Structures are given as C-alpha cells and as structure tokens.
Amino acid sequence: MKARDEILSLRRESVVSQEVKNIIIKCIKNAYDNSSFYGLGISLAATFDLMVSAAYYNSISNRGWTYCCKSPQMMFYTYTNICPRCIGNGQFVYAKANKPESGRIGQITTEILCLFFQYMLERKGARIDVFKCSEPIDVVVHDLDCDMFLLAEVKAAPLLTLPIVANCDRLTETIDGSLTFSGHMSIDNPNLSNTKMNLYIPRYGDVKEEIFPLELRGNIKYKYYDAIYNLISTDVRFYRHYLDFWYNSFMSYTNKDKQLSLYWLTNACGTPSPIPENWPKRKGSGYESVSDSKTSAGMDRTDDIKKGIYQVLKLGAEYKTKYENVRTAIISNLPAIRHYDEYLLTIKDIVWTMSNEPYKTKLGELPFDASIYNLFDGIISLTKSDIRDMWVKNMFSKI
C-alpha cells in the first residue's frame, strides 16, 4: 500500500459547514491586512482566538451569568473565574467561568487551525490539502505537487476568550424586611433569546473598557461567526483595539506578569496572590484558581507537550520507516511559551534510527545504510516554529 492510499483512508469528514469556513477565511484575510501593527504571527494568533471564541459563544446558556453591581450594572458570561470589569479596576471578584470541556471543543479547534494553515500555504502559491484524520494522526498536510505528507499532532488552545456582556436591570433583594440592592452574584438569564449580546474588552492600564455590539442575524448555527466578521468589517476600531488588548495579554502571559489586570483574562493565569478576602476555597484544600494549567495556551500544557512528543515519535516509527515521502510535526496556534526550555529545547534536535540489534552505542556499529530520522521535522505554530526538514521549511517558513 502506498503512503497516499494508507493516509487518505484515514481522512475524516469536516464538522465545519462551508458557510463557517467562508467566514473564517475572510477573517484570516483581515489578519493579513492588519499585520503591520504587531506582525503577521500575532495578528493570526489573535484572530484564531476570535474564531475559537465564536464556537464557545454558540454554547452560551441561560445559566452561568455573573451580575456585576458596579454602576452601570451589567451581566457577564465569562471564561475565567473573575469579574472582567472589576479586575480592570484592580479588584478580584470571583465569577464562575464557562469554559467548554476540551472534548466538546477540540474538534472545532483543530478544524479552525487546519483552515488557517490551508489559507496561509495557498497564499504562498502551494497546491495543498490540509485535513483531519483518524487516530493516530490528528492532521495531514498533503503537498499535491510533490506528493509529500506532513503527519501532525495538534495541541492547540486559545490564549483568551473575550467575555460576553449584556445590559440588565439593577437587582434587588429583601433582607430583614428591607429592599436592598444586590451585590455580585451568579444569576440565570431567562430571556436569553432576546438578550442583546456584546463583546467586552476590559480596562487595562490607561485604556478604558470598551463594549462592542454583536449583530446576531437570524436563528442560524453559525451566527456568532457571522456577527464577529460583521463587527470586524464594519467597525474599524474594533479589530485594532482587540489586537492591542490581545498583544498585551500575550506579553503578560509570556512574562507571567500578575500585576497587569489583563493577565487575569488569559488562560492558565493561576490563583491570585495574596488571596483576596472572600475568595472561594476549593473542595478539599487550597483556593480556586482564576484559570488553571489545564487551559494553557497553544501547546503550553505540560501533559500535552509530553503526549505530543510521544505521538510524533510513534507516527515516525509507524510511517517514516515505511514511506520516504512522510514527515512529522507538532502544530499549534502558539508555541510552548512557558515550558519550551524545560520540555523541548534539549530534545528538539534529536535524531533516531531503528535497529533490532541490541547493545549498539555508536552510529558506526549500525548497518551503513541505516536511515536516520528527525524526532521533529517541525514544531510549528502561527507565531514561531522550529524546523529541521527542508521540505517542511519551504512550506512553512515565512507564511
């Protein structure tokens, strides 16, 4: 069996409609058009987060909203355990996050990343096909001109998801027979279908908070993708403001700068220190985090890095040893920002071979025609890549 037949037999059908794909491609093009501000990689990575966020927003429910009593009162649908308006003012107020389970969102995240790389490679002039596969392969990049295959393990997750905000009445409650105004609390939103949704960018530093309306047109499954693209294309202020916020969040995540308020809207930001008054405790011991390490951005979760290393080695052992036109890589939206030195730096240049002869300690002791393989032909992301193979370099450098 040829590599083409075996690999293509594992191809999986897309779960993303053509309508959604068309919108995502338009948003990727916008990232290119606005790449002069922070560079193409940052613009693409920030846009990736917006597209994944659109998938998150499609799961917004009646329950899980947070009422903020600050004037003017608002209700938020948040993705880290913090009131996004209060943290903008330097106050830690717990708000239950609504992060979807990884199993529910993993497929769409992978498909969005496929669309990004498909567009980026085609823009370079390549005749390319990027698609999902069944285990053990996550994604395949097929160069149609030279019939080369890149088998990729995908480890991708957004850096942040902007909260949704909506107006609401000022809440009251009766205490000891007296009507009083309510403080922060978790609430239900019984009128969800009639709620005017907005994207919320919190205050940070000297930059004021901003609220951007989402026009949700009709009762269609992809309405949040449609609304975000309409916002990008009709409000010139939005994308630049969002890009500024995302870049500063990215730098705060990279530097673990807990003094910056926007840090607490990024995934894997941890637990406040010192612990604020009234901050909730976990069941068992310790305190709740704002966002734990399981939500680390890109390929930065340590369990994902370790699994990715194994999967790439396994793919190499199963496919590279049979087919000369196969390469292997880990791909993501963002590199292992915090854990690169610890987990990847010392092994990224490893090469290996196969031998059924034990006790060999030198290359010269192996058969003279023994094949040598890279552990990683590429560790590839939207912002930074390590590449050891020439074909992979020609495909993915300067995209």
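Leu113 lies in helix α5; helices (H or I, at least four residues) and strands (E, at least two) are DSSP runs numbered from the N terminus. The model is predicted, so local features need pLDDT of at least 70 and side-chain atom pairs count only at pLDDT 80 or more, whereas totals for chains, interfaces and linings use all residues. Residues are numbered from 1 along each chain as its sequence is written, and side-chain values use heavy atoms, with hydrogens and water left out.

**Leu113 and its surroundings**

- Leu113 has a relative accessibility of 1% and counts as buried; buried means under 20% relative accessible area, exposed means over 50%, and partly exposed lies in between (1.4 Å probe, protein chains only).
- Leaving aside residues up to four places away in sequence, Leu113 touches Phe48, Val154, Ala156, Ile331, Ser332 and Asn333; contact means heavy atoms within 4.5 Å.
- Between Leu113 and Trp65 there are 48 residues of separation in sequence and 29 Å in space, C-alpha to C-alpha.

**The chain as a whole**

- The chain contains 10 helices and 16 strands.
- Its radius of gyration is 23 Å, close to the 21 Å that the globule rule gives for 399 residues, so the chain is as compact as a globular protein of that length. The radius is taken over C-alpha atoms, and the rule is 2.2 Å times the number of residues to the power 0.38.
- The C-alpha trace spans about 90 × 45 × 35 Å along its principal axes.
- Of the 399 residues, 52% count as buried.
- Among contacts between residues at least 6 apart in sequence, 65% join residues at least 24 apart.

**Helix α3**

- Helix α3 (residues 40–57) has 18 residues and reaches 26 Å from its first C-alpha to its last, close to the expected 26 Å. The expected span is 1.5 Å times one less than the number of residues.
- In α3, 18 of the 18 residues are buried, so the helix is largely enclosed by the rest of the structure.

**Aromatic rings**

- A search of the whole structure finds 20 aromatic pairs. Rings of Phe, Tyr and Trp (its six-membered ring) pair if their centres lie within 6.5 Å; planes under 30 degrees apart count as stacked, over 60 as edge-to-face and the rest as tilted.
- Phe76 and Tyr200 form an edge-to-face pair, at 4.9 Å centre to centre and 75° between the planes. Phe76 lies in strand β2 (residues 74–77) and Tyr200 in strand β10 (residues 198–201), so this pair ties together parts that are 124 residues apart in sequence.
- Phe76 is buried, with a relative accessible area of 0%, and Tyr200 is also buried at 0%.
- The ring centres of Phe92 and Trp264 are 5.2 Å apart and their planes are at 80°, so this pair is edge-to-face. Phe92 lies in the loop between α4 (84–88) and α5 (102–123) and Trp264 in the loop between α7 (236–255) and α8 (302–320), so the pair ties together parts that are 172 residues apart in sequence.
- Phe92 is partly exposed at 27% relative accessibility, whereas Trp264 is buried at 2%.
- One aromatic cluster is formed by Tyr56, Tyr57, Trp65, Tyr77, Tyr79 and Tyr224.

**Charges over rings**

- The charged end of Arg170 sits over the ring of Phe181, 3.7 Å from its centre. A charge sits over a ring if NZ of Lys or CZ of Arg is within 6 Å of the ring centre and within 35 degrees of the ring normal.
- Lys384 lies over the face of Tyr340, at 4.9 Å from the ring centre.
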